[in-house]
Amino acid sequence: MSNHAATLVAHKHPGDVEGVKIGMWLFLFTEMLLFGGLFIAYAVYRSIYSEAFHTAAANLDVTLGAVNTIFLLTSSLTVVLGIVALQKGKQKFAVLMIWLTVLFALGFMVNKYFEWSVKIHHGIYPGSPELLASHDKGEIVFYNLYYTMTGLHGLHVIIGLVVFFVVLYFIKRRPVVTEEMPFDILKHVRGGTRLAVLSEKGDELGTVAELDDKVELVDIRLTYEPVIEKMDPRNIIKLENAGLYWHLVDVIWIFLFPLFYLIS
Amino acid sequence: MSRHAVADAVRTQESYLDVKGRYSGLFGWIFSVDHKRIGLLYLGSVFLFFIVGIFLGLFMRLEQLTMGETLMTANMYNRLFTLHGVIMIFFFIIPGIAGTMGNFFLPIQIGAKDVFFPRLNLLSWWLYLAGAVLALFAIFSGEGMADTGWTFYVPYSVQTGTNVTLALFAAFILGFSSILTGLNFIATVHRLRAPGMTFHRMPLFIWSLYSTAWIQVLATPVVGITLLLVILERTLGIGIFNPAMGGDPILFQHLFWIYSHPAVYLMVLPGMGIVSEIIPTFCRRIIFGYKAIAWSSVGIAGVGTLVWGHHMYVSGQSSTASIVFSFLTFFVAIPTAIKVFNWVATMYKASIKVEVPFLYALAFLFHFLIGGLTGLMNAAISVDVHVHDTYFIVGHFHYTMFGGSVFALFGALYYWGPKMWGKMYHKKSAVVALVLQLIGFNMLYLTMMYMGYQGMPRRYYDHLPQFHDAHLVATVGSWFLVTGLLMMIGTLIHSIFKGEKAPQNPWGGTTLEWQVPTPPPLENFDVVPTITSGPYNHKEEAE
Amino acid sequence: MHENDHELKYSTYIYVWLALVVLTWVTVFIAGLHFGNAAVFVALLIAAFKSSLVFAWFMHLKNESGTIKWMVATLFVVFAIFIGITFTDYPFR
Ligand code: HEM
């Protein structure tokens, strides 16, 4: 049958990663400006009702807020550690770090749940008759903003959790790259692709053109050159992008925390 | 290997319309990630909405043919202009050029095989479709279509019983679709330009799309959250804009126009890009002031984000704000005028080949000049206080959006249509349609402006006797206009099915799309070209 | 993506995290001192500093290309302008 088992190695142009990053950052921009609209609203209302905001903020539990801040900061740390681990090829450790991230995120949500339920128990929620009757307008605005902004943020935490589960799934399903692809795939490789024929040991056998003369029949397997210890680079990109999203969720909380909890 | 290479060469020359993908028939279109097919998908869908919008406009004009209630109640009229506005803005003109011509020609013009994220591109069309379905629900369920006007101002949009929530949600999803297009274009322009295609060698259409894309990415989320807040108030009672809860309704207007004003530049910039392509091709010379036109696109996008408050002179914002906004608004005229001067300078003493696309470019210039100069009038606070919420405004924005961008889009259909579907159109009927459009358009909207200046308010289903004659003229104008539009659409459809085969380069254009076969093959280029000069190199060709 | 792109060290990130935790403590501590309006300013300043740490290290902005840095800068300028111009209205009502 085949004379040589040659491996055709496609070295992807590193520029592709840059493009994916640009895309991801632009997506983050839209997230930031989604919250940006709310921050504008916050700034406007705080300038109008600065006294009432002080009074209302006193009702929020600084300790709970601070604990939640630490939770998110730590989860951000575990994500980056996970990325580094994946880059080093330490897959087990990376998976552990992602699970820790998920754990901290869940902790954040549980905390949030208790915080909200206490408030709601005291009759402080949007449109509650107690809130409307007994507080002045500035405080009502404060709570409306509080619920909207932390609520939207909480929603993003939940989305982040889902994203991490997806990444975990991919890491589990396809940890290393040795995919066999039909030769046809060559057509679809982007510009800037370097092709070389290697032996099993990794020595270069020659260019594709020379192959014609020397070899009659080849089994050609197209693989991406493994970056580090054969980890699938696509998993690293996925985790990096998930991480970027997660850090953004963190950054938004870094602002929400002082603006709601620390202004009393 | 060599056998493969030969087979490939044959296959890559095959038109993208004939290529057999994973699916065939309808699925071959709606699941295709080819930027050209997605461009045509967008073209089909936006024109479907355009036709609906045209008839809504026509019905409104019919109601104004007589005094009193004839065709419809006041409330029905309110719903009609809301639906007309929402369709024309969110469903037609925002995706109208970027989604159609942009998707099709952006990759080709920069020498790429596709956009950077092809699947995301398809997703953005699907989101558009989802928004359309939601909007249909909004019309036919519950209390029916919203009657708030396309601006959805609070507090009315919170209080009305009509289906505002669904309509807002549809707009929200469309916004998301538009963001994805913008994101994709920015990444594509940055990463996939052919070797040698520096920023200053990009066609001007690309510059305009690039500037537009930034508006899409940076401004759309702000309106997204604003609409979401109205939804929250309607569903959960979180009254961020509700004065009874300490909210400020004017803040809604700020947030709304932070997006929606830049959005009007988002509509017109690609139109300007198209005109910048058409003019040098038919004047057969290098465009005058390439860099000035290119950077003025960026300038318009930039300054355009600073001027939203000129919609709010009479809303109760502080007079300081009004003065600042008025001042800034005048600045938009500068980059705009730079473009107009350069276009005219390109035409000056050129040996012009008069073809339909060129006539549309001229129509664009004519309308946009009127629209732009009346815009300057509105920018002055004292004038605007007088004409605010009158037909003057309605006339003004139809001149810019319709007479400007939409006419540019029509021009693009004649200019690039032969490349897109490989067939030429029937020139005579195209010209007749254009003449009808021109007569109708100006009869309709010039009269509207005139009435507005006399005090005819917008968004009224009825009018006073002194406006009756003018309304008559306007309505007759709308008949001419609609006839012209339908005739144009007929001409284009006829060209697709029955037109003569188009040559590779019918107009003698110099940009990259004219160097690929007609219609283009699946991957556009056999060999990615290397670019050595600017886009409008007519001189070299003459040698 | 490659080994030399950014240093593969766990410790750097742990230091950054420590700094973030300390800053959180500082901001809570300062808020306890009741400086009035200045407190908000200081709190925002610290928040801005904290988030730039996250941007630069956790999000690797430090190692990104000039293009991406420019884009991020544009975003912040645009947002600052949005807020700035909005405030030509409210204080002057
Ligand atoms: C045959 C074509 C068209 C006709 C007959 C038409 C007619 C009208 C009429 C009668 C109104 C309502 C004026 C009023 O009473 O306030 C209107 C409003 C409007 N039109 Fe058109 N129009 C046409 C095309 C377009 C196009 C192409 C666009 C945009 C690209 C557009 C955008 C709008 C918008 C945004 C409004 C404001 C809706 C509102 O007040 O909420 N129209 N048009």
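Reader: Let's begin with charges in chain C. How far apart are the mean positions of the positive and negative ones?

Author: In this predicted model, the mean positions of the 5 positive and 5 negative charges of chain C are 10 Å apart.

Reader: And what secondary structure does chain C have?

Author: Chain C has three helices and zero strands. Read from the N terminus, its elements go α-α-α.

Reader: What does chain C span along its principal axes?

Author: The C-alpha trace of chain C spans about 55 × 35 × 10 Å along those axes. Its radius of gyration is 17 Å, whereas a compact globule of 93 residues would have one near 12 Å.

Reader: How much of chain C is buried?

Author: Of its 93 residues, 42% count as buried. The accessible surface of chain C is about 4,800 Å², and 75% of that belongs to carbon and sulfur atoms.

Reader: What about contacts between residues at least 6 apart in sequence in chain C?

Author: Among those contacts, 61% join residues at least 24 apart.

Reader: Switching to chain B, what is its mean pLDDT?

Author: The mean is 93, and 97% of the residues of chain B reach 70 or more.

Reader: Where in chain B does pLDDT stay under 50?

Author: That happens over residues 1-11 of chain B. For this stretch the model has seven contacts beyond four places in sequence.

Reader: Now a single residue. Where does Leu180(B) lie?

Author: Leu180(B) is part of helix α8 of chain B, which covers residues 164-191.

Reader: Why does Leu180(B) count as buried?

Author: Leu180(B) counts as buried because its relative accessible area is 5%, and the cut-off for buried is under 20%.

Reader: Nice. Which residues is Leu180(B) in contact with, leaving aside neighbours within four places in sequence?

Author: Those are Leu120(B), Leu123(B), Ser124(B) and Leu127(B). As for Val217(B), 37 residues away along the chain, its C-alpha atom is separated from that of Leu180(B) by 7.9 Å.

Reader: Over to chain A, then. Which helix holds Asn68(A)?

Author: Asn68(A) sits in helix α3 of chain A, residues 62-88.

Reader: Is Asn68(A) buried or exposed?

Author: Asn68(A) is buried, with a relative accessibility of 0%.

Reader: And what is Asn68(A) in contact with, again leaving aside neighbours within four places in sequence?

Author: Asn68(A) is in contact with Gly107(A), Phe108(A), Asn111(A), Lys112(A) and Trp253(A).

Key:
Residues numbered from 1 in each chain as written. Chains lettered and ligands numbered in written order. Predicted model: local features only at pLDDT ≥ 70, side-chain atom pairs only at ≥ 80, totals over all residues. Heavy atoms only, no water. pLDDT = per-residue confidence, 0-100. Contact = heavy atoms within 4.5 Å. Helix = DSSP H or I, 4+ residues; strand = E, 2+ residues; numbered from the N terminus. Rg over C-alpha atoms; globule rule 2.2 N^0.38 Å. Buried < 20%, exposed > 50% of the residue type's maximum accessible area, 1.4 Å probe, protein only. Areas by Shrake-Rupley, 256 points an atom, 1.4 Å probe, with all protein chains shown as cover. Lys, Arg positive; Asp, Glu negative; His and termini not counted. Charge placed at Lys NZ, Arg CZ, Asp CG, Glu CD.
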